[in-house]
Amino acid sequence: MSVAQNIERKLNEAFAPLSLLVIDESHLHAGHVGARPEGETHFRVEVVSAAFADCSRVDRQRMVYDTLSEELAGPVHALSVLASPP
Amino acid sequence: MSEHPVFDRIKTEVDDSPVVLFMKGTPVFPQCGFSATCVQVLSNLGIPFKGINVLEDPEVREGIKSYSNWPTIPQLYVKGEFVGGCDIIREMYETGELIEHFNTNGIEVQLANPQ
């Protein structure tokens, strides 16, 4: 399973999102520190979920980081997050 | 003495300057796009800040992540409090919340390009 598929699966399981976008932006960072030739290092995720209601921006992003902690500690060098309530 | 020796150093830094950005590179020469975005936002608002280059200090680079329970850099602190990383700073800037946050904390905003 690719890194992107793993991210998608974990976010789906954790937040049952109304909408979810996982965008691989690694090509924008080719040759930068943290980039690998095979890609899948830089991601942007956009999650809309009721789970984020009544949470601060910091808490919402922390929830996403926590869900993806393995990826962040491993293959993912950069993760941009937009987490919003419906 | 806190649980983690580097926490004391971090706490001193964020208490000593009203606005502190932990970043990769320096404000003049950011070495990461996300850090550069934060510098750009602060500059647009005319906010003086202290930039701390984590690339020069591996202990702070790791320590700051536990200090704030936030796994990525850059990290912005205002009056000793963690405000957010690049995504949050950008969002707050776009909605006007960032200006409000500085105002609330008594930090003067001077827009570089007033409308």
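Select D59(A) and R62(A) to start: both sit in helix α2 of chain A, three residues apart, about one turn of the helix. Helices here are DSSP runs of H or I with at least four residues, strands are E runs of at least two, and both are numbered from the N terminus. The model you have open is predicted, so local features need pLDDT of at least 70 and side-chain atom pairs count only at pLDDT 80 or more, while totals for chains, interfaces and linings use all residues. Residues are numbered from 1 along each chain as its sequence is written, chains are lettered from A and ligands numbered from 1 in the order in which they are written, and side-chain values use heavy atoms, with hydrogens and water left out.

**Stop 1**

Show the side chains of your two residues. D59(A) forms a salt bridge with R62(A), with the closest N and O atoms 3.6 Å apart. A salt bridge is a side-chain nitrogen of Lys or Arg within 4 Å of a carboxyl oxygen of Asp or Glu. Are these two residues buried, partly exposed or exposed? D59(A) is partly exposed, with a relative accessible area of 35%, whereas R62(A) counts as buried at 19%. Buried means under 20% relative accessible area, exposed means over 50%, and partly exposed lies in between (1.4 Å probe, protein chains only).

**Stop 2: follow R62(A) to chain B**

Keep R62(A) selected and bring up chain B. R62(A) touches S68(B), N69(B), W70(B) and F82(B), not counting residues up to four places away in sequence. Touching, or contact, means heavy atoms within 4.5 Å. Look at N69(B) in particular: the side chain of R62(A) reaches its backbone oxygen at 2.9 Å.

**Stop 3: R57(A) and its two partners**

Now select R57(A), together with E91(B) and E97(B). Which distances separate the closest N and O atoms in these salt bridges? For E91(B) and R57(A) the distance is 2.3 Å, and for E97(B) and R57(A) it is 2.2 Å. The pair with E97(B) crosses between chains, from helix α5 of chain B to helix α2 of chain A. R57(A) is buried, with a relative accessible area of 18%, while E97(B) counts as partly exposed at 31%. Between chain A and chain B the count is two salt bridges.

**Stop 4: the whole contact**

Zoom out and colour the two chains separately. How many residues does each chain bring to the contact? Chain A gives twelve residues and chain B gives 17 residues. The area buried between them is about 1,200 Å², and carbon and sulfur atoms give 55% of that. Buried area is the accessible area (1.4 Å probe) that two parts lose on being put together, summed over both. In chain A, R57(A), R62(A) and Y65(A) lose the most area to chain B, together 47% of what that side buries.

There are also eight residue pairs in polar contact between the chains, both residues being at pLDDT 80 or more. A polar contact is a pair of N or O atoms within 3.5 Å; within protein, one must be able to donate a hydrogen and the other to accept it, and residues adjacent in sequence count only if both atoms are side-chain atoms. To find the chain A side, select α2 (57–67) and β3 (78–84), which each supply at least two residues of it. That side divides into seven nonpolar, three polar and two charged residues. Here Ala, Val, Leu, Ile, Met, Phe, Trp, Tyr, Cys and Pro count as nonpolar, Asp, Glu, Lys and Arg as charged, and the others, Gly among them, as polar.

**Stop 5: inside chain B**

Select R9(B) and D57(B), whose side chains meet in a salt bridge (2.4 Å, N to O). R9(B) lies in helix α1 (residues 5–16) and D57(B) in the loop between β2 (50–53) and α3 (58–68) of chain B, so the pair ties together parts that are 48 residues apart in sequence.

Next, go to A112(B), in the segment after α5 (97–104) of chain B. A112(B) counts as partly exposed at 47% relative accessibility.

**Last stop: a loop in chain A**

Finish at L28(A), in the loop between β1 (19–24) and β2 (42–48) of chain A. L28(A) is exposed, with a relative accessible area of 53%.
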